[in-house]
Amino acid sequence: MTDTQIFEPDGRAIPFVDEGDGPVKLVLIQERDLAADVLGVVAHYLAEEAGFHVLRIGHRAEAKREEVSLDDRVEDALAVIDHVGLGDTWIGGHGFGGTVARAFALAHADRVNGLALLGVEENDLPLAPVMPVLIIQGTKDLANRFANGEQLQSTAPERASVKSIDGADHLFPMTHPIETAVVIEEYLDWD
């Protein structure tokens, strides 16, 4: 696996991992507040086996009494994407990382080919118009219920698809990484 790097625009220490060099570009944003690298095996499989270029972005550390806004997190992702030199890309994430990806797509639609959302959080953030959306939910996810993905899909049924990882909880990208990666590979392969 590839080592984590730190990019520090304006003193913000943003961790990221850049793997592969294939024609399909995918940015994945981590869930926050998890010590484990939940997306590592999924990203490595997509880079090595599927031939994707996968950029994984973590979250900068928050200082005491500092709250990093959703807009700030979107700008962190943009800074890393520009640093690595990606133009347009698929973007997605796990849990809160998917929420950041949705906000990124709304703010920078010209840079996004589509969304890949894993373990969708329940919130009122709309989907960016036009682009395709892959939603992957664990059927036993108690943190971000399966119904969250179905609800989001119902807001754009003509372009959003829900896929399930049967028997999987919120950490399904780590506990079922190959199944998760294959769903992403098969969906993005048509792009």
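Biologist: How many helices and strands are there in the protein, and what makes a run count as one?

Modeller: There are six helices and eight strands. Each is a DSSP run, with at least four residues (H or I) for a helix and at least two (E) for a strand, numbered from the N terminus. The model is predicted, so local features need pLDDT of at least 70 and side-chain atom pairs pLDDT 80 or more, while totals for chains, interfaces and linings use all residues. Residues are numbered from 1 along each chain, and side-chain values use heavy atoms, without hydrogens and water.

Biologist: What makes a set of residues a nonpolar core?

Modeller: Its members are buried Ala, Val, Leu, Ile, Met, Phe, Trp, Tyr and Cys residues joined through side-chain atoms within 4.5 Å; buried means under 20% relative accessible area (1.4 Å probe, protein chains only). The largest such core has 33 residues, and I57, I91 and L115 have the most contacts inside it. Elements giving two or more residues to this core include β3 (25–29) and β6 (112–118). A second, separate core has 24 residues, including Y45 and I165.

Biologist: Which residues does I91 touch?

Modeller: With contact meaning heavy atoms within 4.5 Å, I91 touches L26, F104 and L115, among others.

Key:
Buried means under 20% relative accessible area, exposed over 50%, partly exposed in between (1.4 Å probe, protein chains only). Lists of a residue's contacts leave out its neighbours within four places in sequence.
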